[in-house]
Amino acid sequence: MTLLFLLVAAARENYFTEWRSTQREFRSLLLSKAENESDVKSARSFNVEIRQAVIPDLASIDRCVSCHLGVDDPRMADVPQPFTTHPGAYLEDHDLDRFGCTVCHLGQGQATTRLEAHALSEEVYWDWPVLTGPWTQATCGTCHDPTHLTDRGAPLLGLGLAAFQANGCLGCHKLGGRGGTLGPALDQVGDKTSHSLPFDHVEGDRQVWTWHQQHLLSPQTVVPDSTMPAVEGDAKTRHALTIYLLSLRTTNLTESLTPFDRYQRRYRIWHTEPLSGAELYEQFCQACHEDGTETVFHDSLDVTIPGIMHPDFLATATVEFLVENLRLGRAGTPMTAWAEDSGGLTDDELERIAEYLLESRTEVREVTFEPVADPDVENGRLLFENECIDCHELNADDGEAPWLGSPGFQATYSDPLMGHTIKFGRRDSLMIGYGEEEDGDFTDRQVSDLVAYIRTLR
Amino acid sequence: MYSALRAFRENLRQLPSNFWATVRRRGPLKSDRSRSQAVFSNLFLHIHSVKTHKHSLKVSYTMGLGLFAAAFLGIVTVTGILLMVYYKPTPDQAYASIKEIHYIVPTGRMIRNLHRWSAHGMVVVVFLHMARVFYTGSYRRPREFNWFVGILLLALTLALSFTGYLLPWDQLAYWAITIGVNIASSPRELTDALGLTQHFDPGGMIRRLLLGANSVGAEALIRFHLLHVMVLPIFLFTLLGVHFWRIRKDGGLSRPETPDTAEPEGFFAKNPDKTYGLMAVVRGRSEAVGKGPENTVSSWPTLFITEMAILMAATALVLALSLAFDAPLKEIANPAVPENPAKAPWYFLGLQELVSYSAFMGGIGIPIIVLIGLILIPYLDREKGGVGIWFGGKEGARVALTSFVFSMVVVIGLLAFVINFGWLRQWFPAIPQILITFINPGTVYSLVFALWSLWVIRRHNSTRMGAIALFTCFLVGYIILTYVGTVHRGPNWDFYWSKADWPTH
């Protein structure tokens with residue numbers, strides 16, 4: 001019996017292996033394709049043995065070619081998988097012996113069965129399922145600059161990057177140290193495996209790309225307490241954006257394998273080609289502030305977002321005032337502090353955003369309000385509780401109107417500016433001018449009391 | 001003058017047979033004498049006595065459990081050495097090297113499967129062997145010390161299996177060891193409760209000693225590897241030598257006293273009217289020849305056939321298991337993605353269940369009480385009768401059965417109660433942890449079992465019966481808790497009837 005079991009084990013290992021029968025099949029394919037003597041000869045000498053690409057620099061051993069035997073044989077273009085010729089010109093730039101397969105296609109290179117090498121099944125315990133078809137473009141972006149590849153074999157990757165910028169993802173997510181702090185940084189989002197993502201509400205295959213596509217379509221369906229807005233665009237946009245997200249992986253490439261544009265991409269992250277104010281606004285501001293002319297309620301963030309291009313706001317604004325506001329942000333609210341050490345924007349860039357905002361200014365008004373010398377804080381409190389507290393609540397997350405205790409607000413609004421704003425309000429909004437005769441009847445003294453009280457808010 | 005040449009030619013001709021004769025160093029196996037020589041002139045066999053008692057060969061007595069354990073150990077050693085050829089004990093390479101062993105190393109997959117299955121087999125069989133030795137009363141004088149050695153061997157077996165668990169460096173390994181080490185560092189619960197941790201932290205010491213760091217990493221891997229392939233095996237084989245040697249010195253396997261002195265059946269029909277006496281020792285054939293005065297047979301070949309049969313059976317068993325089930329290998333270890341539930345190796349899941357009540361009691365308190373209890377059994381039960389008989393007779397079997405039923409009811413009852421209604425923490429959320437440390441299902445079990453066995457001692461007026469009661473309760477508790485921990489505990493250590501009911505993700 002012992003002997004019998006040993007025999008079974010030997011037969012299983014030495015004869016009934018999947019790759020052996022695949023290779024035997026390929027040998028007869030070679031024979032049937034043979035056109036001349038030498039073809040027949042080389043087909044006859046085809047040995048059934050494990051074939052592999054060992055790439056020490058990538059720490060990879062890829063046995064994919066044990067079954068995908070026709071990848072570099074142009075005669076196999078019409079033969080079905082696993083023997084098909086590799087499409088496109090990819091292998092010309094990426095010599096199989098230098099790069100192997102898994103550097104682009106992932107999957108489990110060491111494995112010797114189809115199921116385990118592709119690792120698409122949940123029964124196979126491998127973190128990186130094989131990427132096929134357009135999904136492979138994701139790994140192009142891991143080494144290359146996406147903008148270089150739009151007409152060189154990875155069009156969707158470039159499309160994904162464009163969608164990433166157009167949707168203003170950086171308004172909440174950091175990449176390369178630049179971006180908002182509301183969402184998680186995305187630098188290594190492609191390193192996430194299906195085990196580190198919540199699949200409770202995801203339909204279909206348990207694959208990272210399924211997760212991303214559904215999450216982009218409807219973030220709250222996939223992550224119920226998410227505050228992320230749905231991405232604008234069609235299924236193709238989400239497909240492309242997912243490819244771009246999956247490209248954001250860590251790799252440790254040795255010098256010899258690093259493509260020239262990887263350095264360019266690195267360089268560009270740190271030495272950004274100057275973006276115009278409008279481009280910066282699109283990438284960093286627009287996701288929340290939209291076109292900026294009106295105060296809007298943001299559904300998924302559950303917060304009111306001030307219209308930063310409101311004419312009355314811009315009327316009294318200066319570049320310095322706006323830059324300071326951008327630098328400090330509004331701690332305690334979703335508004336990120338965009339200074340270089342937090343949101344990652346340089347003073348130059350902030351200035352360009354400020355200048356861009358001021359481009360739409362229609363009138364300039366001097367701040368003429370002058371607070372009285374001895375304001376009554378207690379009276380200010382009573383006034384505030386009567387008139388203001390319904391919208392400007394005392395806690396950061398409650399109010400429909402901006403939170404006045406925010407350090408950024410306190411630091412950038414001078415007493416006269418605050419008084420001016422209370423007195424004249426914002427036209428066509430809920431913030432009326434309380435010192436104007438038709439709207440309210442606060443005296444300058446009462447406004448001063450209010451300003452003094454608001455100063456005490458934290 | 002040519003006689004030397006002739007002799008040389010003759011020597012050449014006889015070389016094969018002479019060489020073989022020096023290897024065998026005995027005559028043909030036709031007499032007891034040459035059979036004895038076959039044993040004692042052979043380094044590898046001479047640990048056996050030349051005669052073996054028939055009782056020791058009875059399948060229903062030993063079930064060959066000790067031999068099975070030894071056979072599994074042999075397989076595990078051979079396959080382990082082969083695995084070491086390819087295994088690389090560093091976090092970067094360990095996982096990939098196991099993958100290579102699985103996918104590409106000739107026979108590697110089988111060898112790894114055999115290693116795993118015989119390791120698990122060894123744990124199971126060592127437990128059963130202990131139960132056999134206990135229930136047949138074989139720990140009695142003069143075998144107390146060998147019982148002690150056996151308990152140490154059990155602990156070493158578990159330690160070997162546990163240290164081997166980390167080596168594949170996959171998620172299963174990583175989190176099982178994390179849990180295992182958390183169990184080992186559970187004195188923290190007590191020192192925390194007493195506010196001593198800052199000054200005296202034995203839990204943290206054990207942890208750092210095992211891991212060489214605060215979490216499982218490269219240092220832990222090299223330590224576990226060293227323990228697994230060198231330190232623990234040295235101890236195990238040394239103690240195993242002692243264990244075997246003690247068997248010889250303690251007079252072979254335990255057996256009932258009576259049959260030895262009885263006449264072999266059918267040998268001599270006694271006439272009640274006559275008296276008998278030994279008149280003379282005679283040469284040549286006599287009625288006693290071939291009948292062994294103490295009901296023994298020659299070890300060669302009977303015992304060795306048995307041993308070979310058990311080795312073959314053990315091999316066949318693990319071969320079949322290895323063909324049918326691959327040793328698991330999950331994703332590569334990822335400290336950022338905890339497994340939920342993270343489970344220790346299965347033989348520690350009973351402990352993990354206890355740990356879920358109280359880390360200190362489950363991880364240290366109760367295991368130490370049990371271990372000390374097991375070691376002390378031969379010194380607390382010093383009765384004489386019933387050695388070599390299962391349960392020492394009818395009364396013992398009855399006590400074992402009632403204890404079995406009693407402990408089943410207690411364990412399952414309390415377990416069901418805890419699962420449905422919770423425990424002190426759920427009822428009084430603000431209760432100090434020290435209370436739960438001392439009053440939890442684990443300590444309740446221990447106390448109930450101890451009282452039960454005291455009651456049995458009183459009722460049957462026998463320490464042996466008390467020991468049987470306690471040991472049965474321990475065994476039942478261990479098996480049921482291990483079973484529940486293995487099968488019915490899911491994410492967050494919640495109870496589920498089957499894995500299909502686990503929440504997704």
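**Reading contacts, cores and helix packing**

Visitor: Leaving aside its neighbours within four places in sequence, which residues is B:A173 in contact with?
Guide: In this predicted model, and with those neighbours set aside, B:A173 is in contact with B:Y165, B:L166, B:L167, B:P168 and B:A333. They are called contacts because the C-beta atoms of two such residues, placed from the backbone, lie within 7 Å.

Visitor: What makes a set of residues a nonpolar core, and which residues have the most contacts inside the largest one?
Guide: The members must be buried residues of the listed nonpolar kinds, joined through C-beta atoms within 7 Å. The largest such core has 88 residues, and those with the most contacts inside it are B:F72, B:M122, B:W169 and B:A173. Its largest share, 12 residues, comes from helix α6 of chain B, residues 108–135. Another core, of 45 residues, lies apart from it and includes A:V202, A:Y244, A:A317 and A:L345.

Visitor: Which residues of α7(B) and α8(B) meet?
Guide: From α7(B) come B:F162, B:Y165 and B:L166, which meet B:A173, B:A176, B:I177 and B:G180 of α8(B). By class, the residues of this contact divide into 6 nonpolar, 1 polar and no charged; Gly is counted among the polar residues.

Visitor: How do you know whether A:L31 is buried, exposed or partly exposed?
Guide: A:L31, which is found in helix α2 (residues 18–33) of chain A, has 13 other C-beta atoms within 10 Å. A buried residue needs 20 or more and an exposed one has 12 or fewer, so A:L31 is partly exposed. Leaving aside its neighbours within four places in sequence, A:L31 is in contact with A:V40 and A:A43.

Visitor: What covers the buried residues of α16(A)?
Guide: The cover includes α17 (347–359) and α19 (407–412) of chain A. The buried residues of α16(A), which spans residues 319–328, are A:L322, A:V323, A:N325, A:L326, A:R327 and A:L328. After α16(A) comes A:G329, with a positive phi near 65°.

How values were computed
Residues numbered from 1 in each chain as written. Chains lettered and ligands numbered in written order. Predicted model: local features only at pLDDT ≥ 70, side-chain atom pairs only at ≥ 80, totals over all residues. Helix = DSSP H or I, 4+ residues; strand = E, 2+ residues; numbered from the N terminus.
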